[in-house]
Amino acid sequence: MLFFQLMLLAGYVYAHLIVTYLSRKWQVTLHIVLLAVSLLFLPITPSDAWKPDGHGPPLPQISLLLVSTIGLPFLILAASAPLMQAWFTYARPGRSPYRLYALSNAGSFLGLLSYPFVIEPSVGLNDQTVLWSAVYAAFAMACAGSAILTLGNAKTERRLSKATVPRAQMPGNDRVMIVLLSAVGVVVLLSTTNQLCKDVAVVPLLWILPLTLYLASFIVAFGRPGWYLRSVWAIVLILSISSVVYLLHQDNSEFEVYLGVQVLVYSTVVFACCMVCHGEIYRLRPATENLTSFYLAISVGGALGGIFVNLIAPVIFLGYWEFHASLVATILLLSYRAAKGGSTLHARFRKVPLGAVLLPACLVIAYFLAAHVRLQQEESIVTRRSFFGILRVYEYDVDTPDHIRSLYHGRIGHGDQFRHGDARKAPITYYGPDSGIGVAIAAQRAFLEQTGLSGGIRMGVIGLGAATIAAYAKPGDTLRFYEIDPEVTKIAREYFTYLADAKTRVDISHGDGRITLERELAAGRENAFDVFVVDAFSGDAIPVHLLTIEALELYRRHLSADGIIAFHISNLHFDLRPVVRALAEESKMDSVWIPDAGNGDGEDPNDWMLLTASESIHRALREHAEEWPDNHTQDALWTDDFANLLGVLWHK
């Protein structure tokens with residue numbers, strides 16, 4: 001999102017500069033040249049050389065990747081909205097171009113909805129690249145044709161250039177207000193997405209909803225400006241923010257009951273805030289001669305909002321407190337605009353200034369939002385924020401034999417540990433002796449004893465969490481974790497003791513697990529793991545690239561002949577059994593499904609699938625396996641080119 005906001009700004013700067021300083025002929029010439037050059041970026045699929053190395057912050061690496069692949073094509077696309085509207089004013093003097101901005105956002109709206117629900121489930125990545133490249137080439141030709149058509153009014157341009165009427169400038173205060181309103185709208189969008197999708201409801205594809213509402217507010221504000229009535233939306237804004245404040249102060253344990261209500265309330269607040277911001281922006285629109293300057297101010301605000309959420313907020317806030325700040329900022333900006341415009345509460349209450357209602361409401365809301373921040377900080381013993389989200393450690397039943405610590409990423413647990421006696425060394429949560437990983441390790445130890453092999457078992461694990469699996473290590477074993485987030489490693493070492501209590505040396509490699517394994521293989525290192533664990537997906541954030549046939553082939557290169565690959569598939573919304581079973585069938589491996597109901601004493605319900613090419617190991621694992629459901633399908637093979645998340649979502 002930060003990349004797209006910045007490239008949108010670059011496109012708007014380009015459009016503003018050429019419209020302001022170049023003649024129509026040179027505008028058209030330069031734009032056609034850039035359109036032709038942008039075709040050299042096709043196709044946009046990056047090479048393997050761009051894969052991150054796991055060192056340094058991910059943000060610069062991702063930004064460079066995007067700039068090198070889609071940078072210029074997207075800049076050209078971004079410039080199209082203000083540039084085409086400027087040319088529209090040449091071709092249609094006296095006609096307002098602002099509804100075209102609503103049309104532009106309607107296109108984004110349709111693209112957003114069509115991709116996850118239509119294109120991704122039916123078209124592979126390689127075909128998508130070809131299709132997008134072809135459509136972009138068609139766009140480039142259509143854009144060039146539109147540019148050439150504008151030259152037909154050259155006489156009109158020369159006549160206007162000779163006019164002595166001075167060009168009116170946009171007031172500086174209006175520019176500043178447009179920037180602020182645009183920035184706050186983007187902060188509301190991004191912070192609500194984080195708050196809703198990571199800290200409230202871990203629901204697949206829920207991130208689409210805030211972005212859809214953000215685009216819809218532009219469509220309504222610029223396409224149907226009569227629908228934005230300041231006094232009406234002020235009331236909607238206060239009521240929706242008050243509802244959010246109420247939900248924030250509710251007991252987290254009731255979140256499942258209130259899930260539908262929370263999604264509705266957060267959706268209402270993001271739409272209300274964006275309608276206020278974009279409705280006020282439309283009210284500040286200038287005459288058409290300042291059109292590109294107007295859109296430049298909007299894009300500057302959007303870029304500043306993206307920079308704040310991505311670069312500044314993670315440094316100054318431990319939680320998603322920019323969400324709280326954006327709600328207060330929206331009310332304050334609306335209060336200022338209402339006071340400046342002399343708005344009243346309603347036609348029936350002409351003597352009641354709207355600002356007199358908004359400011360006291362803002363103070364009350366700010367007080368309760370600050371109270372929520374303090375409450376969250378007090379509930380957890382540590383909070384860490386990184387590129388990958390917010391990690392929190394909680395303690396329960398302190399000063400009792402049941403004293404326990406829990407690691408959470410948003411609302412998803414990533415490991416617990418008892419704090420006293422031998423219980424501290426017991427693997428719990430999803431990793432108890434009856435879980436799939438417990439069965440896999442026990443089966444391998446039994447197999448090594450039966451075959452007379454010595455030296456311990458070699459274990460590799462993608463995903464560290466609280467490092468609970470280290471509790472299974474014995475002297476002579478080899479244990480290596482692959483963890484993408486260094487903050488997880490810090491918390492595992494500082495607040496849990498599984499690593500310190502491990503009876504063997506534990507290695508931790510930082511970076512994307514699959515990429516690290518690929519590089520180890522390229523360097524001539526085959527780990528020959530007896531048990532290899534893929535434990536990087538608990539909740540809805542499925543790293544698809546860890547569940548493809550190409551990924552499985554890589555795991556097998558690092559597996560011993562009689563090894564086991566264990567997939568932890570415990571999940572709230574996706575049924576990953578058909579995916580893993582299809583992988584096993586494609587690679588000629590046997591698979592078993594081992595669900596565990598937990599024991600209520602620190603062990604939670606969990607699901608595992610175990611894959612092996614060893615007949616003797618498979619026989620041992622089958623003793624603990626459950627039969628596949630009668631309605632179970634195996635038609636779910638994922639590859640690096642194609643994966644259908646919606647297929648396994650609906651199957652659930």
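Hi everyone! Let's start where helix H14 stops: glycine 452 follows H14, and its phi is positive, near 75 degrees. Keep in mind that what we are looking at is a predicted model.

Now let's walk back into the helix. H14 covers residues 436–450, which is 15 residues. From the first C-alpha to the last, H14 reaches 21 Å, close to the 21 Å expected at 1.5 Å a residue.

So is H14 enclosed or open? Eleven of its 15 residues are buried, so H14 is largely enclosed by the rest of the structure. If you want to find some of them on screen, the buried ones include Ile437, Val439, Ile441, Phe447 and Leu448.

Next, please turn to another pair, H9 and H13. H9 runs over residues 230–248 and H13 over residues 354–379. The two pack at an angle of about 15 degrees, and their axes are 10 Å apart. That angle makes H9 roughly parallel to H13. The crossing of H9 past H13 is left-handed.

Who meets whom here? On the H9 side you'll find Ala234, Ile238, Ile241 and Val245, among others. Over on H13, the residues they meet include Leu358, Ala361, Ile365 and Phe368. Sorted by class, this contact has eleven nonpolar residues, three polar and one charged.

How values were computed
Residues are numbered from 1 along each chain as its sequence is written. This is a predicted model: local features need pLDDT of at least 70, side-chain atom pairs count only at pLDDT 80 or more; totals for chains, interfaces and linings use all residues. Side-chain values use heavy atoms; hydrogens and water are left out. Helices (H or I, at least four residues) and strands (E, at least two) are DSSP runs, numbered from the N terminus. The expected span of a helix is 1.5 Å times one less than its number of residues. Buried means under 20% relative accessible area, exposed over 50%, partly exposed in between (1.4 Å probe, protein chains only). Axes are lines fitted to C-alpha atoms, for helices over the stretch in contact, and angles run from 0 to 180 degrees between N-to-C directions. Angles under 35 degrees count as roughly parallel, over 145 as roughly antiparallel, 65 to 115 as roughly perpendicular and the rest as oblique. A crossing is left-handed if the near helix is turned anticlockwise from the far one by less than a right angle, and right-handed if clockwise. Contact means heavy atoms within 4.5 Å. Ala, Val, Leu, Ile, Met, Phe, Trp, Tyr, Cys and Pro count as nonpolar, Asp, Glu, Lys and Arg as charged, and the others, Gly among them, as polar.
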